[in-house]
Each structure stands twice: as C-alpha cells, then as structure tokens.
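Morning, everyone. Let me put the model up, and then we'll walk through a strand and a helix.

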Amino acid sequence: MPVEIKLPQLGESIHEGTIAKWLKKPGDRVEKYEPLVEITTDKVNVEMPSPFAGVVKELLAAEGDTRAVGSAIALIETEAASAVSAGGAVHAPAADAASGPGRGPAGSDESPAPERAAAAASPARASGLRLSPLVMRLAQEHDVSLAVLETLHGTGAGGRVTKEDFLKYVAGRAGGAGGTPDTAAAGPSAPGKGMTAAGDELVKLTPIRRAIAQRMAQSKREIPHAYGVIEVDMSAVAAWRDAHRETSKRDGPAPTYTAFFVRAAADALRAHPFVNASWTDDGVVVRKAINVGIGIAIDDGLIVPVLRDADRLSLTGIAAALDDLIRRAREGRLGIEDIQGGTFTITNPGVFGSIWSMPIVIPGQAAILATDAIVKRAVVRDDAIAIRPIMHLGLSFDHRIFDGALAMQFLNHMKTWFEEFRDGR
Amino acid sequence: MPEMRLLDAIRLGMYEEMKRDERVMILGEDVGLKGGVFGATDGFYAEFGEARVLDTPLAESLIVGAAVGMAANGLIPIAEIQFSDFIYPAFNQIVSEAARMRYRSNGGFGCPITIRAPFGGGVEVHGGLYHSQSIEAFFAHVPGLKVVTPYTPYDAKGLLKASIRDPDPVLFLEHKRLYRAIRGEVPDDDYIVPIGPAAVRRQGTTLSVFAYGQMLHETLQAAGQVAGEGLDAEVVDLRTLRPLDTETILTSVRKTNKAMVVYEDNRFLGYGAEVSALIAEEAFDALDGPIVRVAGLDVPAVPYSDPLAGAFIPTAAKIADAMRRLAAY
C-alpha cells in the first residue's frame with residue numbers, strides 16, 4: 001500500500017521547504033527513521049527521516065523544488081500494518097510543532113528524535129480554521145501565513161474570516177503602526193508598488209530575508225526597547241589569549257573572544273535571571289535554562305544558533321560547542337533544534353568594526369547583548385594616561401521586563417568578569 | 001419613444017418581422033381568429049391572412065413538426081405553444097429534429113424556427129398544475145437549441161426579432177406574469193438584441209445574483225429591500241439561457257466574491273445548477289461563500305392554491321432573506 005510522505009512542519013512560521021537532496025531513489029529500501037531526504041527551509045537545513053519502513057515507490061518532488069508544508073513529496077510502499085501504526089503516532093507531535101507565533105520561545109518543547117521523525121510525515125496541521133477559496137488565494141497573494149490567519153478576528157458566520165476581515169487586516173498591515181493589536185504577528189509589509197524610479201532594481205526577498213524582516217519588525221512593534229552601553233577594559237582577556245593561542249590537545253581550539261562573551265554572559269545571566277526572561281501578558285516568564293543564541297552572518301542574512309545550557313559549560317567547553325555550531329551554520333547543516341529555544345542572544349558586530357551598536361531584541365527574549373570592536377584607546381588609570389584594549393558592551397532590552405538599573409548591573413557584572421579574568425574560569 | 005407592456009413588445013416584434021419578410025409566418029392554437037389566448041397575435045389574422053397565420057389542432061407535436069417541415073422548405077415559422085406546460089408532445093420534434101438539423105446535415109441545413117412559449121406560475125396566475133410550469137432546464141440541456149427569455153419590453157422585441165432571424169431553432173420563453181406587469185420604452189425602429197449577452201441590471205458589490213424572467217423581477221425588488229441595510233447586490237439578467245454568457249457571470253463573481261442563482265423551476269437539477277457548477281469550476285478561488293440557489297420547491301408542480309403556490313415560488317422576501325444570509329456568511 002503506497003503511503004504519501006509529506007513535507008513536515010519544520011518549525012513555527014515555516015511554510016515551505018526546498019528539496020535539497022534525495023538520499024533514497026525509487027526502488028530503494030528505507031528503514032523507519034532512516035534519513036530519506038535533505039530539506040532546506042528559510043531557517044535551516046534538515047535531514048528528514050523516513051516515518052515508515054518500506055520501499056521508495058516514487059519521488060514526487062525533484063531536487064531544487066520548493067513545496068508547501070503538508071504537500072506530498074514521495075510515495076513509499078509499506079506493509080499496511082506499519083503504515084497504520086505510524087499514521088496513528090504522528091498526529092500529536094505535528095500539532096505541537098504547528099503552533100502559532102503567539103507562543104513563547106520553545107525552550108522546553110524538544111521531542112525525542114523518533115517523535116520528530118514521526119511528525120515529519122504527518123499532515124501540516126489539524127486546525128479547525130475555515131477559509132473560503134477566496135481568502136486562501138488572497139492569503140497567498142499577500143503572503144499571509146495560516147498562523148496569522150488564525151489570529152484574525154472573523155466577523156463571518158461562526159467566526160469565519162471573511163474577505164472584508166482579510167482586506168482590513170492587509171490594509172492595517174500596510175499602514176504599519178496603524179495595525180490593530182490582533183494583527184501584531186503580521187508578516188512583511190506589502191510590496192511598495194510605484195516606489196521604484198528608472199534604473200532601480202527590485203530584489204525579490206529570499207525566504208531568510210523575509211523571515212528576518214518579519215521577526216525584526218514584530219520586535220520593534222511589540223517591544224519597547226531601551227539601551228545601555230558600558231566600556232570594558234579587555235586587557236586581562238587579551239593577555240590570557242596571547243598566552244594561549246595554540247590549539248590544545250586536551251582542550252581543543254583556543255577560545256575565541258566570542259567564547260569569552262558567552263561565558264561572561266552566562267555568568268551574568270545566572271546572577272540576574274530577569275535578563276533571561278520572556279514577556280507574556282500574564283507575567284514575566286523567568287527562564288530556568290540559559291540558552292545563548294549567537295548571531296552569525298551567513299551569505300544572504302543572519303542565523304542564530306543556540307548554545308544550550310551555556311552556564312553549565314566551561315570556557316573550553318563553550319569554545320568547542322561554538323566551533324561546531326558556527327561551522328555547521330556556515331555549511332548550512334544546522335537542524336531545527338540548533339536554532340530553537342534561545343533565551344538570550346549575543347551579537348558580535350565588533351568583528352565588522354562597529355564600536356557602538358543597538359541591536360533588536362529577538363521576540364520572546366528579554367535582551368540582546370552587542371559586543372563591539374576591541375579598540376586600543378587612551379584611558380586614565382591611576383591618574384595617568386594608559387593605552388588599553390577597550391570594548392563597548394551594549395545591552396538592548398525589553399523595558400517592560402526590567403529597567404535601566406538592572407541592565408547596568410548586568411553589564412557591570414560582565415565588565416568585572418572580563419577585567420578580573422584570570423586563568424581557570 | 002413609446003412605452004409599452006412586454007406583451008405589446010412581443011406583438012410588435014412579430015408584426016415588424018412579418019412585414020419585413022414574407023417568409024415569416026405564425027402557427028399555433030388559437031393564434032388566428034382569436035389572436036392568441038394572451039392576445040400576442042391580435043389582429044394578425046386580419047392583416048396577414050390565413051396563409052400566414054395558421055390555427056392548428058391541439059397537437060403540439062404537429063405544431064413544431066410542421067414548423068420544422070416549413071423551415072426545410074424555405075419558410076420562417078413562429079410556432080406558438082399556448083402554455084409551456086403543453087410542450088412535451090413536441091419534445092421529440094424539438095430535440096431530435098429541430099435542434100439536430102444542422103449537426104446531422106453537416107452544416108448543410110438549418111432549422112430557422114422560433115418556438116414561443118409562455119411559462120411560469122404565480123399567485124395572480126392561478127395556473128395550477130397545467131399552466132404554471134417552468135420548462136427551461138429540459139431544453140437548455142440540448143445542444144443545437146438556443147433558449148431565450150426576456151425581462152424588459154425592449155429586450156422582448158429585440159430578442160424576438162433576433163430569434164426569428166436566427167438560422168437555427170430558438171425556444172423563446174415568455175414569463176406570463178411579466179406580460180402585463182412590466183412596462184418599458186420600446187423604439188419603433190428595426191433593432192435587435194443579440195442572442196447571448198447577459199445584462200447587469202443593477203450594479204453592486206456585496207454579492208451577485210443571477211436570474212431571469214419573473215425571478216429577475218423579484219430579485220430586483222429584493223435588492224431594493226436590502227439596499228438600506230448596507231447590502232449592495234449586483235443583479236444580472238441572464239436573458240439568454242443557452243448559449244450562456246459565462247464571461248459576464250464570472251466577471252461579476254470575481255468582483256463581489258459571492259454568488260446566488262434564483263430560478264422558479266424545481267431546485268433539483270434546475271437551471272441554477274449549471275450556473276452554480278460553472279462558478280464553482282471557473283471562479284473557485286474567487287468565492288468567499290457558498291454558491292446559493294433560491295428556487296422552487298421539489299414538489300411535482302406549482303400548486304393551484306394561492307398559499308401553496310406562494311410557498312412554492314421564490315418571492316422577493318425569500319430572496320432578500322437568502323441575500324442577508326449569504327452576505328453574513
């Protein structure tokens with residue numbers, strides 16, 4: 001009995017995926033959970049395991065094809081019994097993965113690998129949303145996701161989202177700040193028709209560009225940002241790094257500055273848990289896990305892999321974990337679990353020479369730390385002028401969750417950590 | 001420009017064509033000496049004589065069958081079926097002979113006959129089981145046959161003249177409740193209204209309603225009733241049921257995104273079923289609500305009793321209710 005393999009829901013707000021590589025071809029035997037296909041999404045690349053054991057009958061999408069979540073990409077000939085049991089198992093995790101954008105960061109929703117595998121074959125969602133053909137088409141034309149449609153207030157029969165409801169939403173979205181609260185999870189702005197002059201070029205949005213645009217705009221719309229910046233003398237850290245440049249056989253690669261930043265931030269987050277938190281209308285969720293996201297520039301945008309339980313790792317442990325994450329990010333081999341669940345983020349514009357940055361808080365988190373370029377400056381020490389490597393450490397934070405005093409306590413905690421750094425931390 | 005009733009416009013259309021072309025003639029029950037039971041051919045017998053205005057026996061298969069033969073011999077007959085309810089004995093002549101003539105002769109022969117048939121029921125008509133029925137679905141099903149039904153007196157004259165001049169058979173349906181109820185300006189000059197195009201009788205944005213004949217009249221009244229409620233219905237007069245003006249229908253649905261069809265015939269497999277299917281197939285992604293049919297009940301005939309006839313036939317009030325429900329969907 002051939003069973004359809006469907007493009008799985010690969011994470012919240014992901015609507016489509018591109019077939020990067022088929023790992024099996026028609027006629028191949030595939031075991032349950034054996035890798036079947038590599039899929040690229042606007043966020044990550046994933047390897048999709050087969051939800052069934054069987055024989056690949058037909059590939060319904062070619063490499064390079066982009067398919068909507070939930071559409072069939074392959075047929076697998078299975079024994080009827082196994083198909084039924086697999087079909088029964090897949091439903092719940094899929095519904096979980098498909099939850100809307102209103103949810104907080106997925107800090108604790110990891111499913112064990114087999115369940116994820118099962119989710120891969122399930123229908124995209126088990127939603128009760130009723131949409132007319134017209135609204136479906138308009139949503140596609142205006143690039144509005146099902147998740148956003150679910151948040152709209154329907155005025156039709158039984159709460160149905162009518163054409164008028166949809167057009168009102170789109171009009172509000174195009175108006176930017178004029179959007180109503182229930183449209184806050186809005187997608188990207190409407191295309192700027194008539195905004196181009198002769199010679200201008202319209203560069204179509206890549207999925208990752210669109211995702212970044214949506215997240216950043218959402219953050220700036222919802223989160224009242226405040227900022228604090230502090231000056232840090234990096235002499236102690238620089239001296240230690242000069243003395244430990246070699247890759248150690250025992251400890252792996254020498255820690256980069258980023259490893260120091262993560263280590264210091266994890267220390268400060270432990271001391272100031274409100275910086276490691278999420279805003280909800282019911283109150284502030286103080287996160288137990290300290291999962292630090294690291295912004296990494298990639299070809300056409302930015303990706304933020306997450307270093308989990310950073311507070312439980314030593315400096316060298318962090319260095320090794322970072323090395324792995326960054327390498328995989330550049331190679332496009334990050335999995336969903338690598339980019340979900342962040343509770344705090346560090347961005348390092350200093351590598352590009354920035355000396356003063358004010359980053360945007362990632363929705364669902366309380367703060368983001370910017371580490372700027374370490375520049376030798378003339379500073380006053382003991383009433384004398386000294387030359388020291390100085391770095392600006394900036395914190396953008398959600399002012400709903402805490403205030404400037406805590407922001408500066410947090411930054412000063414890090415400052416002290418850096419300036420009093422000694423071997424062994 | 002003279003104002004006249006629908007019936008007068010039909011009479012004028014036939015009169016002008018009889019004057020214009022000697023081949024045009026009329027045959028049917030009581031069309032001669034009596035001038036037709038509704039008076040559509042009043043005075044024709046005296047003016048054109050018994051050779052061109054023929055009283056026939058009560059035998060519809062003969063009326064249409066003879067018309068087919070006359071047409072084959074170079075005449076242009078107008079066959080009157082006194083009430084459309086009586087048309088069934090002629091069904092075979094219409095469907096098997098007239099409608100297929102061009103096809104079976106490989107385009108060599110047409111069958112230029114016009115079959116006029118008053119149809120429809122209503123409280124004032126008291127037609128009961130034998131004088132009230134709607135028959136369009138039976139005949140609009142048949143390729144090779146054109147089916148036309150006017151609403152305005154202007155269209156009645158123009159479409160009838162176009163039908164008489166058409167080289168193939170046309171079934172010309174006249175809703176008898178409109179005969180003396182609708183008045184409108186009808187020019188004296190020799191104009192035709194082409195068979196095919198529908199007419200948007202009322203522009204609107206909330207929903208589109210497709211209707212013809214008396215039901216168009218009820219629909220326009222319903223649209224007026226709900227206009228004060230912020231419900232702006234677009235009303236399209238189909239007027240030619242075959243060939244159907246699909247473009248006007250789809251354009252309207254793509255504009256309003258909601259569609260309703262009103263017809264007096266039994267709901268099941270009635271004419272609105274085809275319009276609904278067309279919209280579902282061609283404009284699916286323009287729909288923001290279900291396609292709604294408002295139609296006669298699925299009972300064997302329009303009843304004689306006034307309350308029962310009123311229950312059977314869609315009225316402006318029923319159509320207005322359906323409009324409100326669809327708008328709120």
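Glu80(B) has its bridge partner in E5(B): that's Arg116(B). This is a predicted model, where local features need pLDDT of at least 70, side-chain atom pairs count only at pLDDT 80 or more, and totals for chains, interfaces and linings use all residues. Residues are numbered from 1 along each chain as its sequence is written, while chains are lettered from A and ligands numbered from 1 in the order in which they are written.

Back to the strands, which are DSSP runs of E, at least two residues, numbered from the N terminus; helices are runs of H or I, at least four. E4(B), residues 76–80, pairs with E5(B), residues 114–119, in the parallel sense, over three bridges. Pairing takes at least two DSSP bridges. E2(B), residues 24–28, also runs parallel to E4(B), with five bridges. There, Met25(B) partners Pro77(B).

Is E4(B) covered or open? Mostly covered: five of its five residues are buried. Buried means 20 or more other C-beta atoms within 10 Å of the residue's own, with C-beta atoms placed from the backbone. Ile76(B), Ile78(B) and Glu80(B) point one way; Pro77(B) and Ala79(B) point the other. In a regular strand, side chains alternate between the two faces of the sheet.

Now the helix. H9(B) spans residues 246–256, and its buried residues are Ile249(B), Ser252(B), Val253(B) and Thr256(B). Down the axis they fall within an arc of 100°, taken from the directions from axis to C-beta atoms, so they line one face. Just after H9(B), Asn257(B) takes a positive phi of about 70°.

Notes: Buried ≥ 20, exposed ≤ 12 C-beta atoms within 10 Å, placed from the backbone.
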